[in-house]
Amino acid sequence: MVPLPFDGSPELSRRQFMRRAVATGGASGLAACLDKQDRQTLDAPTGVSDPGTLPDRQHAWNDVLPVDSDGNVSRATHHVFLSLSLSNDPTPESRQRVETALQEIERALEWGPDGVLFTLGYTPAYFDRHELGLHESVDLPDPDPITAITAESQVEIDDTDAMLHLASDNPAAVLAVEETLFGDKDTLNGEAVEQTIGPVLERTNRRTGFVGAGLPADRQAGLDGIPDGQPVPEEAPFFMGFRSGFRESQATEDRVTIQAGPFEGGTTQHFESIELDLEIWFDDNDHEQRVARMFSPDHAEDGAVGAVGEQLGTTTGAKNVTDEIHEHARDDGTVGHAQKLARARDDGEPVILRRDVNTTDGDVAGLQFLSLQREITEFRRVREAMLGEQFHQYGLGPRQPNGILQYIRLRNWGSYLVPPRQHRALPQPDPAH
Ligand code: HEM
């Protein structure tokens, strides 16, 4: 692990310090975090004595995440995404080891943003290791980025076996869980732990993320992808300057949950890492133009959004401007990202549940885009809508105000099955057999 790239200088704000510690990781990141909190140990709420009482859905996070003053589900602040590779083909012993290690975490730390939330998902490559194919009730095709996107970007496919997503408001908690699972810590939050998963699943890639009002502005200086002059608004939770994740534009957890078959109660996860290139976004567009591209030209004209989206309660209203989209393309030379995507709803209902967060991995401003949906094919349909190819006829190619396409570069793409909790430890392709 690289040493922490800071020495606790007074200019570094507490939240910058914590975010950097999570990005750095390892025992040194954890020690720095605890030190900053004036703690020897985590001192977080403890977990359950019987992990069997936790929800069957690994992705059941909404009930324990706080709701903001408008009624939207908030996201946890700190995130780590670990790509994992199996050291050997799964055996009953390795399966038991993974399950025991995860249950130890659930006993030691509360399931929630004050403790930790996590999901463990598996790629098609993992299921390809088995003779038997993945059960037909799960729609998890091999990751195959849409050609129009790969023409614009250099994309790496996640062909490891699994991904562990850890999330918490407490930066020390995500780091302590990671160290417990993959390092040699023998206590977590004051509880004894015996099992690690490191010998079974090896970390091959570590990505990090964060979200929250003020955090992107705090971190913008000197970052690749953000022009000079610190243009990210102070209150914005995301680098592009707007709130996201309004309740009415998010699928419910029920809508994204697999309804039948041996993986009933599970979901599928799409994960892509995006780099942002916001020079033109901030230097050549004024706020009104940014609103038009992110939401719709009508939102810009009506001043409907506010500085960072504070005027929107639980809905963007994007679905009310879907019919005007061709008119906007022709007459305004712009279509909005949210406007385009609202057209991909199913009978008026969003089909993907977005849990995306900012990242500064590699010192580049970016987004870890994570979404849950019942089927990967549904995600693909929504992602195709984002390309807005039907607007090329109006001169709106990918480098024009066709939503926000111009500002994003895809870097990594992966698909996962997030099984229900009972099958989360190295599942068979058909756990019923
Ligand atoms: C840098 C990248 C991105 C940024 C900054 C971004 C930002 C936003 C914002 C601000 C909204 C409106 C607020 C809301 O409805 O929550 C939104 C809506 C949405 N975005 Fe994105 N987004 C990005 C990438 C993506 C990607 C890769 C997808 C994948 C398909 C996506 C899918 C959606 C969907 C489905 C909606 C909701 C549309 C509806 O109302 O039904 N976004 N996004």
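This is a predicted model: local features need pLDDT of at least 70, side-chain atom pairs count only at pLDDT 80 or more; totals for chains, interfaces and linings use all residues.
**Entry: the partner of Glu 178**

I checked what the Glu 178 side chain meets, and found a salt bridge with Arg 203, 2.7 Å from N to O. Glu 178 sits in helix α6 (residues 171-182) and Arg 203 in strand β7 (residues 201-210), so this pair ties together parts that are 25 residues apart in sequence. I then looked up Arg 203, which counts as partly exposed at 29% relative accessibility.

**Entry: other salt bridges**

Next I picked Asp 356 and Arg 75, whose side chains meet at 2.6 Å, N to O. Asp 356 is in the loop between β9 (353-354) and β10 (357-359), while Arg 75 is in the loop between α2 (26-36) and β1 (78-86), so the pair ties together parts 281 residues apart in sequence. How accessible are these two? Asp 356 is buried, with a relative accessible area of 5%, and Arg 75 counts as buried too, at 18%. The cut-off for buried is under 20%, so Arg 75 makes it.

I also looked at Glu 275 and Arg 411, which form a salt bridge at 3.3 Å, N to O. This one links distant parts of the chain, with Glu 275 in strand β8 (residues 267-276) and Arg 411 in strand β12 (residues 408-418), 136 residues apart. Glu 275 is partly exposed, with a relative accessible area of 28%, and Arg 411 counts as partly exposed at 28%. Then I came across a network: Glu 99, Glu 106, Arg 421 and Arg 424 are joined by salt bridges that share partners.

**Entry: the ligand**

Where does the ligand sit? I found that the space it takes is the largest cavity. There are 25 residues around the ligand, and Gly 245, Ser 249, His 337, Arg 345 and Arg 354 come nearest. I sorted the shell by type and got 16 nonpolar, five polar and four charged residues. Among the elements, α13 (337-342), β11 (366-373) and α14 (376-387) each supply at least two residues of that shell.

Last, I went through some contacts. A ligand oxygen is 2.5 Å from a polar backbone atom of Gly 245, and a ligand oxygen is 3.3 Å from a polar backbone atom of Phe 246. For His 337 I noted a side-chain N or O atom 2.9 Å from a nitrogen of the ligand.

Technical notes
Residues are numbered from 1 along each chain as its sequence is written. Side-chain values use heavy atoms; hydrogens and water are left out. A residue is near a molecule or strand if one of its heavy atoms lies within 4 Å of it. A polar contact is a pair of N or O atoms within 3.5 Å; within protein, one must be able to donate a hydrogen and the other to accept it, and residues adjacent in sequence count only if both atoms are side-chain atoms. On a 1 Å grid over the protein atoms alone, a cavity is a set of points where a 1.4 Å probe fits but cannot get out, and a pocket is an open set with protein on both sides within 12 Å along at least five of seven lines; lining residues have an atom within 4 Å of a point. A molecule sits in a cavity or pocket if more than half of its atoms lie within 2 Å of its grid points. Helices (H or I, at least four residues) and strands (E, at least two) are DSSP runs, numbered from the N terminus. Ala, Val, Leu, Ile, Met, Phe, Trp, Tyr, Cys and Pro count as nonpolar, Asp, Glu, Lys and Arg as charged, and the others, Gly among them, as polar. A salt bridge is a side-chain nitrogen of Lys or Arg within 4 Å of a carboxyl oxygen of Asp or Glu. Buried means under 20% relative accessible area, exposed over 50%, partly exposed in between (1.4 Å probe, protein chains only).
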